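This briefing walks through a two-chain model, topic by topic. Keep the sequence and the 3D view open while reading.

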Amino acid sequence: MSLQNILNNWDKYRKGHEAGGHHVYEHMWSMVIDLNKCIGCGACSVACYAENNLAVVGKDRFEKGQAMHWLRIERYWDEPNLKPTASDEFQQHGASFLPMMCQQCNAATCEPVCPVAATYHTPDGLNAQVYNRCIGSRYCSNNCPYRLRYFNFYSFYETSWPEPLNLQLNPDLSVRDKGVMEKCTFCVQRIRTAKDTARREGRKVRDGDVQTACQQSCPTTAIVFGDMLDPESRVTKLWKAHEVELGKTAQHKQHPEKRGYRIFEGLNTDPCVMYLERVREV
Amino acid sequence: MSGKEIDRRSFLKVMGWSGAGAATLSGCDLPTTVTIEEGKETVVSYLMPEEYVIPGQGVWYASTCQQCSAACGVHGRVREGRLLKVEGNPSSPIGRGKLCNMGQASLQAHYNPDRLKKPLLRKGAELQEATWEEALKYIEERAGKKSGVQGNRAAWLTGNVSGHQAVLLQAHMDSFGSISHYVHELINTAVSGLANKDVLGEVQPVYHLDKAKAVLSLGADFLGASTSPVHFATQYASFREAPRGVLIQVEPSMSLTGANADLWIPARPGTEGVLAMGIANALIGQHGVSAANLPAGVKQAIDGYGIDRAADITGVPRTQIEAIAKTLKERAPSLVLTGASAEGHAHGYNIAAAALMLNVLLGNVGQTITSSGDPAFPQLAARAGNTRDLFAFAEGADKGAFDVVFMWGTNPVYTAPAFLNFEDKLSKVPVKVAFAMYRDETVAKADVVLPLSSPYESWGTHLAAYNSDEPTVAVQQPLMQPIYPDTKSVGDVLLALLKMREPNTYSAFNDYYAYLRKAFSELPATHKVGGSDDAMWVQSLQRALLAAKGTPKELSAKPVAVDFPAYEKDAAYPMHLAPAARLGMWDGRNANLPWLQEQPDQISKVVWGSWAELHPKTADRLGVKNGDYISVTSAQGSIEVPVYVYRGVHPDVVAVPIGQGHTDYGRYATGRGVNPLKVLSQVTDGKTGELALYATRVKVAKVEKKKPGINELMVRFGGSESQVGRKLVASVTADSFNRTEGA
């Protein structure tokens, strides 16, 4: 995709999924996160730091909200359907953990506001971020309802990887410099490798060929990743089983007990991450 | 083998396989292929890569994680000679292809910028860089064959150690005729281990969370800081599948496991055993559970704790005790576990024994608790640590019982409570040898320091402290060349020490690799795999494990009669201190890993520092809110720490997680937060003598801090603790889940 191509076909790229989408998709990478299994341990988050060259920003910058955790574990003490809790003396139902990474929305609110088309939708269904094109306007971050975009306020590489920590940096992707926005890519470098391997072997990418770093590490196997365009993939089956469909702002389920839901889908962002509700004894 | 001939039996002992059934001596040719591992290294341009090196392509090699004693198998991705990423090894029956946050961060232990690069020798007050020759000469003069050091005057103070490193360590001690091996681990199972042995006949049985329908955990943080966190987490995943198991957690402050519980109950600290008795009472009285398999003394003890009395002592409402009993009865098989917060009292053993009594009463023994069998290779088994050993070592050191101490894998100057005066006592040992990857508080007190290669640069074998029902010898192979050429692996250091003492037996081995390779050649035929010697070696390296199935055994089920002291209030120190351990900082050893410092704590979401957890009621009484400072004062001393207020802590408890408060542990850990271990009171478990970690009484007061600097600021991730009615984390009922996904 060249800049010229984007300029020539501006309308096409700006069309939302309700108007039939804007791509002939090759893949539609998607994730399913089972909150019944997630224990909130944070192995996924550290795995993400290791895989994606995420900078450690230090205490003072963390305090300013400049941490670069592409995958963060949110922890809430209440749940909308667990009532009442405020009057209870103890936190007797434990915590509510929520792993949050870029939801790879198909109608992403971050994309249309980028003045330089540094963030765009790939034929893989990903919200790509082109670091070289990014001028750091941070409009995308302001527009993301999930607050999942992270801005390089500093040249973190100067302080984050003192020797020999720099030897650990993953050569499959870049280290970002000051003034650039970044976010979860669904481990695009792993997708790339799997696609290359499949092409070399003259076959299609099989379900399970791509494992994201977070999914790989999860001790309870709470994360499933795959291609929604592959009818046999685990994610496709899970979305079907839980009666959640892409391209909708509200799901009308035959069985309302099915656990699948998408966060803030009412905002018409059409996220590609489906969560499965926690299970509670009552 | 060269030098003096030794008999076959001692030879097998040297190799670590003694007690492993019949073994045959086979040929001992070294493999003919020349590999990097044999120490032959040639500089070849990447224009002409080795056959197995493809520039730009990562290759995965198997090894073993060393961040805790669980011994999870890993695959390390190596590209152009660098290790880039570690992931779980799916063949490993411990981690099953998964890793925890500490395992992921092991990369930063390996590439840590504060690693020791050269040996250090003490010159006056300072440790100064020296050569290996100088350092080894220093040791040889003071602990070599001609030094005159004999018997127990040579001591070892280590963390958990197993595998062939344990064999060499034992051989080194035998060369002195010493039995002074002190194994110190703060996070341990010493108390429940003895209770298990007395009741079940086995120190470390196998738990089957995945088979349980209900788990009652008395302070067992099995998903967090436990003997095998990843293994238990994989089991937890099956436990939560439909039909979904129920988890009830009883503890003074919320652990990661507690945060995932269906019912979280804060009992009055130290009364968990009484709660178990009350539950037993309800099971027998209300649910007709037969007490026929309990000895008369035990039955009598249970009768002494009626439900109302138990409710009164524990502070847990009668209805909840009855509900727990009902759940355990209806959802068989169940599993009752104890952990640090229940076992860490003067009567910790009694609490662990009461929990085991519940397991016997509920018929869980043989169902969800089974025998791990007799170990296949007893010489390789893990020497599991505790704090009792540290007390014994300190006493010996104080009396001048040791001429030399070898320290490795533990940081007692940091973990020892202040009452032990450990630093003073350690200084009375004239020669203190430390092997370490980093300078820490203990290394700083040593006289000679040998720099270690990282686990990912070293050979080794390990047996997990907790074995699943498929016990294995975990093989550790180097994933890359040492970053610092002047470091040596633990095995090589041990071998160097042994060559000083037993040159006849050990001089034949050039390095630790040669020793291990030979040991695998001599593996008893009963455990050989893969045909030829080389094939077996290659297979052992590819999978990084070797099956070590032991001889099956049956567990006994003989509960012991225990009683509990009355709960006493302390007017001067009305609160309890809970020094909780977390998956991440662990016992403080991971405080030098920036990824883990920057990872928000699972419960409080605090980063880069310490905090104290208080119940809102207590906080109101003190007039403090999040981030305000309090002093936590015991009879032993005082610490000042910012508070985090939430309802996951008993109102009489202040929880200060351990791991921070380092004074000399590299750039990421030093001068950050406080170390609650320093204010612990001198209380030990009556039966085992183990440090009672949760038995310290404290008083708490507000401290005014004017204009705190960034170092004092409590920095947390995230703003709202509430979902404010939005559907972020939603939930369904277990009934509905079992209905829709139970098929």
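Strand β23 (residues 629–634) of chain B runs antiparallel to β26(B), and five bridges join the two. The model is a predicted one.

**Strand pairing around β26 of chain B**

**Chain B as a whole**

- Chain B holds 25 helices and 28 strands.
- Its C-alpha atoms fill a box of roughly 75 × 60 × 55 Å along the principal axes.
- The radius of gyration of chain B is 26 Å. A compact globule of 743 residues would have a value near 27 Å, so the two agree.

**Chain A as a whole**

- Chain A has nine helices and 11 strands.
- Chain A is as compact as a globular protein of its length, because its radius of gyration of 19 Å is close to the 19 Å that the globule rule gives for 282 residues.
- The C-alpha trace of chain A spans about 55 × 45 × 40 Å along its principal axes.

**An open sheet in chain A**

- Four strands of chain A form an open sheet in the order β8-β1-β10-β9. The pairing in this sheet is mixed.
- The edges are β8 (223–227) and β9 (260–261) of chain A, each of which pairs on one side only.
- Strand β1 (residues 29–34) of chain A runs antiparallel to β8(A), with five bridges between them.
- A:Met31 has A:Phe225 as its bridge partner in β8(A).

**The interface: extent and make-up**

- Interface size is often quoted as the accessible area lost when the parts come together.
- Between chain B and chain A, about 7,600 Å² is buried. Carbon and sulfur atoms give 56% of that area.
- On the chain B side, B:Trp595, B:Glu598 and B:Arg647 lose the most area to chain A. Together they account for 10% of what that side buries.
- The contact draws on 96 residues of chain B and 82 residues of chain A.

**The interface: polar links**

- There are 50 residue pairs in polar contact across the interface of chain B and chain A, with both residues at pLDDT 80 or more.
- The side of chain B that touches chain A consists of 47 nonpolar, 25 polar and 24 charged residues.
- The salt bridges between chain B and chain A number 11.
- One of these joins A:Arg259 to B:Glu741. Their closest N and O atoms are 2.7 Å apart.

**The interface: a strand pair across the chains**

- Strand β11 (residues 278–280) of chain A pairs with strand β28 (residues 731–733) of chain B.
- This pairing is parallel and has three bridges.
- The bridge partner of A:Arg278 in β28(B) is B:Ser731.

**Backbone exceptions**

- Most residues other than glycine have a negative phi, and most peptide bonds are trans.
- A:Glu163 and A:Pro164 are joined by a cis peptide bond, with omega about 0°. A:Pro164 sits in the loop between α6 (157–160) and β7 (181–182) of chain A.
- In chain B, the peptide bond from B:Ala332 to B:Pro333 is cis, with omega near -5°. B:Pro333 belongs to the loop between α12 (318–330) and β12 (334–338) of chain B.
- A:Ala117 is not a glycine, yet its phi is positive, near 55°. A:Ala117 falls in the loop between β3 (96–100) and β4 (119–121) of chain A.

**A loop proline in chain B**

- B:Pro430 is in the loop between α17 (422–426) and β15 (431–436) of chain B.
- B:Pro430 and B:Asp403 are 27 residues apart in sequence. In space, their C-alpha atoms are 5.8 Å apart.
- Leaving aside residues up to four places away in sequence, B:Pro430 touches B:Phe402, B:Asp403 and B:Asp447.

How values were computed:
Residues are numbered from 1 along each chain as its sequence is written. Chains are lettered from A and ligands numbered from 1 in the order in which they are written. This is a predicted model: local features need pLDDT of at least 70, side-chain atom pairs count only at pLDDT 80 or more; totals for chains, interfaces and linings use all residues. Side-chain values use heavy atoms; hydrogens and water are left out. Contact means heavy atoms within 4.5 Å. Buried area is the accessible area (1.4 Å probe) that two parts lose on being put together, summed over both. A salt bridge is a side-chain nitrogen of Lys or Arg within 4 Å of a carboxyl oxygen of Asp or Glu. A polar contact is a pair of N or O atoms within 3.5 Å; within protein, one must be able to donate a hydrogen and the other to accept it, and residues adjacent in sequence count only if both atoms are side-chain atoms. Ala, Val, Leu, Ile, Met, Phe, Trp, Tyr, Cys and Pro count as nonpolar, Asp, Glu, Lys and Arg as charged, and the others, Gly among them, as polar. Two strands pair if DSSP finds at least two bridges between them. The radius of gyration is taken over C-alpha atoms; the globule rule is 2.2 Å times the number of residues to the power 0.38.
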